[in-house]
There are 2 protein chains.
Amino acid sequence: MELRQSAQEYEIPHQLTYYECNELGHPTLSMVMSMLSVVADEQSSKLGLNQETIQATGGTWVIASFEGTLDLHSLKIGDTVILGTRATGYNRFFATREFWLRDMDNQRQYAHIQSLLVFMNLTSRKIEQIPEKVIAPYRTPQVKKVSRGKRPQSIPQNAELSGRQYHVRYFDLDANRHVNNARYFDWLLDPLGEDFLTTHQLKSFSIQYHQEVRAAQDITSEFTLVEPGTSLHQIKNGDTLCTTAEFKWQLE
Amino acid sequence: MELRQSAQEYEIPHQLTYYECNELGHPTLSMVMSMLSVVADEQSSKLGLNQETIQATGGTWVIASFEGTLDLHSLKIGDTVILGTRATGYNRFFATREFWLRDMDNQRQYAHIQSLLVFMNLTSRKIEQIPEKVIAPYRTPQVKKVSRGKRPQSIPQNAELSGRQYHVRYFDLDANRHVNNARYFDWLLDPLGEDFLTTHQLKSFSIQYHQEVRAAQDITSEFTLVEPGTSLHQIKNGDTLCTTAEFKWQLE
């Protein structure tokens with residue numbers, strides 16, 4: 001008989017504050033992604049894998065992509081939710097992690113998100129093999145093929161793009177002196193405008209991080225609406241494509 | 001013998017997350033102000049004074065100013081702190097509230113802040129007398145003279161100003177469809193730049209709100225350094241002065 005160790009789940013309760021919510025009183029995607037990354041960091045710390053232990057290997061985790069389904073419109077300021085995560089699998093070069101946001105009674109999920117991670121050498125800035133010691137504590141299954149997730153649709157060549165410029169502010173930087181992956185969602189969604197954002201519910205998304213956005217850069221966030229209910233997005237720094245994303249919407 | 005009811009304190013514990021902290025791992029002023037306003041809102045709700053009850057009077061509380069002393073550099077991501085507030089006094093037109101951020105053992109204060117509030121009629125947008133029913137539940141002393149607090153020094157006429165433009169983003173708006181008072185601190189401080197902000201500790205501040213900044217506006221945040229360790233700031237929307245502030249700094 002084969003002995004299987006199951007991957008460890010980690011969950012924390014959280015009460016939604018008004019500054020995590022938008023003008024309609026629902027949590028914003030960037031804040032939900034921030035909260036979920038806190039849960040992953042807490043789990044890692046409890047397993048002895050904090051930023052220092054990991055960087056002592058000469059490398060660091062980098063998020064390559066997220067995809068997920070959402071029902072954030074069913075949540076309001078003051079609601080208490082459960083934030084959870086679990087490492088789901090890995091091979092030599094890729095690891096996957098899932099996240100969820102659910103109610104206290106486990107009757108309803110408000111977000112379910114998959115992420116794909118790679119391990120980057122801090123000196124060469126290149127992707128390297130995942131060191132055993134940074135993955136073993138999660139007791140996650142080693143697999144042959146890791147699901148790369150759904151990629152955002154490409155923006156059609158002749159698409160009409162709308163967009164805005166953003167300056168990366170000092171307060172956009174987190175304690176690793178990086179723009180946190182969650183922050184990109186505000187830049188991606190803001191150009192859609194208040195009229196669109198207050199009349200549409202976000203149902204699902206996928207995002208790919210190609211190049212990091214850095215301190216003090218000026219970036220452009222552009223989008224195009226394709227079939228009704230789908231918006232395709234890109235963030236560029238000059239001619240460099242940094243991020244692509246796809247969002248699916250439903251009229252309120 | 002006179003019977004005195006003392007004003008009620010309200011405190012909650014809070015663990016600092018990485019997205020409430022800057023690149024040095026210390027909590028940002030805007031996030032601290034957001035957390036403290038949550039504590040005030042919670043206290044009000046528990047006393048039966050939520051946004052709806054208050055607005056049913058035809059008016060709303062407006063923050064006129066804050067001033068305070070700070071030692072946020074002694075705090076780090078992961079620290080658990082106590083956030084507290086108390087209504088401190090009122091007369092016909094003004095009310096005051098104090099806030100604090102302290103350690104669990106009550107040995108140390110990391111922030112102590114006073115605020116001055118007025119009550120605005122929602123139709124005329126003019127200041128009106130504070131209705132008894134929105135202040136009585138706090139059991140705060142009625143006083144003849146309310147301390148207006150320390151005003152920021154005026155920017156000298158011939159001062160050289162540095163600054164940046166900011167666009168008010170959709171995600172800057174809170175559930176009241178206003179830019180929250182805490183949000184202004186990011187606009188005020190960002191133009192100082194990363195070099196200044198990573199080498200100086202914020203020791204005290206005062207801010208006055210003159211005109212509200214609104215959705216989709218383009219604002220200018222400017223500052224000048226006066227005597228060593230003091231910066232004077234203003235936020236303008238075109239020619240309209242919206243906010244003035246003074247910050248005192250100490251070299252790391």
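Visitor: What makes A:Arg102 count as buried or exposed?
Guide: Buried means under 20% relative accessible area, exposed over 50% and partly exposed in between, using a 1.4 Å probe and protein chains only. A:Arg102 has 11% relative accessibility, so it counts as buried. One caution: this is a predicted model, where local features need pLDDT of at least 70, side-chain atom pairs count only at pLDDT 80 or more, and totals for chains, interfaces and linings use all residues. Side-chain values use heavy atoms, leaving out hydrogens and water.

Visitor: Which residue forms a salt bridge with A:Arg102, and why is it called that?
Guide: That's A:Glu11, with the closest N and O atoms 2.7 Å apart. A salt bridge needs a side-chain nitrogen of Lys or Arg within 4 Å of a carboxyl oxygen of Asp or Glu, so this pair qualifies. A:Glu11 lies in strand S1 and A:Arg102 in strand S4 of chain A, so the pair ties together parts 91 residues apart in sequence; strands are DSSP runs (E, at least two residues), numbered from the N terminus. A:Glu11, at 31% relative accessibility, counts as partly exposed.

Visitor: How many salt bridges are there over all chains?
Guide: The count comes to 22.

Technical notes. Residues numbered from 1 in each chain as written. Chains lettered and ligands numbered in written order. Helix = DSSP H or I, 4+ residues; strand = E, 2+ residues; numbered from the N terminus.
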